Amino acid sequence: QVQLVESGGGLVQAGGSLRLSCAASGSLFSNNTMGWYRQVPWKQRELVASITYDGRTEYAASVKGRFTISRQNAKNTVDLQMNSLKPEDTAEYYCNSRRYLTPTIYTDNYWGQGTQVTVSS
């Protein structure tokens, strides 16, 4: 069983910064992909950023250039540095760990409990 625990959410003014952290424990596979997703009410959860075990990253177009994802494999942690925050970044942010078998098929999919990020205008 894998547990993901997020921290670092909160309230910030537009233009400000926040750093989210996720600590993973349990039986993690060494080749997992970790990511951050976000969700607002009545909308589908969307990918914000992901990072493979060997450091390849992917970002949503809306956050590219503002957010940076990083991971520390020895500590099983993944961070999301969020700069130049906008009101539309307001959402519940979730940490995720999964293991891809092919580019589109994955297994061992785990979620954290979420942390709220609110950006005021």
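Two strands pair if DSSP finds at least two bridges between them. Strands (E, at least two residues) and helices (H or I, at least four) are DSSP runs, numbered from the N terminus. In this predicted model, strand β4 (residues 33-39) and strand β5 (residues 46-51) run antiparallel and are joined by five bridges.

The model is predicted, with local features needing pLDDT of at least 70 and side-chain atom pairs counting only at pLDDT 80 or more, while totals for chains, interfaces and linings use all residues. Residues are numbered from 1 along each chain as its sequence is written, and side-chain values use heavy atoms, with hydrogens and water left out.

**The chain as a whole**

The protein chain has eleven strands and zero helices. Its C-alpha trace spans about 40 × 25 × 25 Å along the principal axes. The radius of gyration is taken over C-alpha atoms, and the globule rule is 2.2 Å times the number of residues to the power 0.38. For 121 residues a compact globule would have a radius near 14 Å, and the protein chain agrees because its value is 14 Å.

Buried means under 20% relative accessible area, exposed means over 50%, and partly exposed lies in between (1.4 Å probe, protein chains only). Of the 121 residues in the protein chain, 40% are buried. Accessible areas come from the Shrake-Rupley method with a 1.4 Å probe, and for residues only the protein chains shown count as cover. The protein chain exposes about 6600 Å², and carbon and sulfur atoms supply 50% of this area.

Contact means heavy atoms within 4.5 Å. Among contacts in the protein chain with a separation of 6 or more, 53% are between residues 24 or more positions apart.

β5 and β6 form a hairpin with five residues between them, and Gly 55 in the turn has a positive phi of about 95°.

**Strand β8 and its neighbours**

Strand β8 (residues 77-82) has five of its six residues buried, so it is largely enclosed by the rest of the structure. Strand β3 (residues 18-26) runs antiparallel to β8, with six bridges joining them. In this pairing, Ser 21 stands opposite Asp 79. Strand β7 (residues 67-72) also pairs with β8 in the antiparallel sense, over six bridges. Gln 72 stands opposite Thr 77 in β8. The hairpin of β7 and β8 has four residues between the strands, and Asn 76 in the turn has a positive phi of about 55°.

Arg 19 is in strand β3 and counts as partly exposed because its relative accessible area is 40%. Not counting residues up to four places away in sequence, Arg 19 touches several residues, including Asp 79, Leu 80 and Gln 81. Arg 19 and Phe 67 are 48 residues apart in sequence, but 9.4 Å apart in space, C-alpha to C-alpha. Arg 66 lies in the loop between β6 (57-59) and β7. Arg 66 is buried because its relative accessible area is 10%. Among the residues that Arg 66 touches, not counting those up to four places away in sequence, are Gln 81, Met 82 and Asp 89.

**Aromatic rings**

Rings of Phe, Tyr and Trp (its six-membered ring) pair if their centres lie within 6.5 Å; planes under 30 degrees apart count as stacked, over 60 as edge-to-face and the rest as tilted. A search of the whole structure finds three aromatic pairs. Two of them are listed here.

| Pair | Centre to centre | Angle between planes | Type |
|---|---|---|---|
| Tyr 94 and Trp 111 | 6.5 Å | 90° | edge-to-face |
| Tyr 100 and Tyr 106 | 5.5 Å | 65° | edge-to-face |

Tyr 94 is in strand β9 (residues 91-100) and Trp 111 in strand β10 (residues 106-111), 17 residues apart. Tyr 94 counts as buried because its relative accessibility is 14%, whereas Trp 111 counts as partly exposed at 32%. Ring pairs link Tyr 37, Tyr 94 and Trp 111 into a cluster.

A charge sits over a ring if NZ of Lys or CZ of Arg is within 6 Å of the ring centre and within 35 degrees of the ring normal. The charged end of Arg 45 sits over the ring of Tyr 94, 3.7 Å from its centre. Arg 45 also lies over the face of Trp 111, at 4.5 Å from the ring centre.
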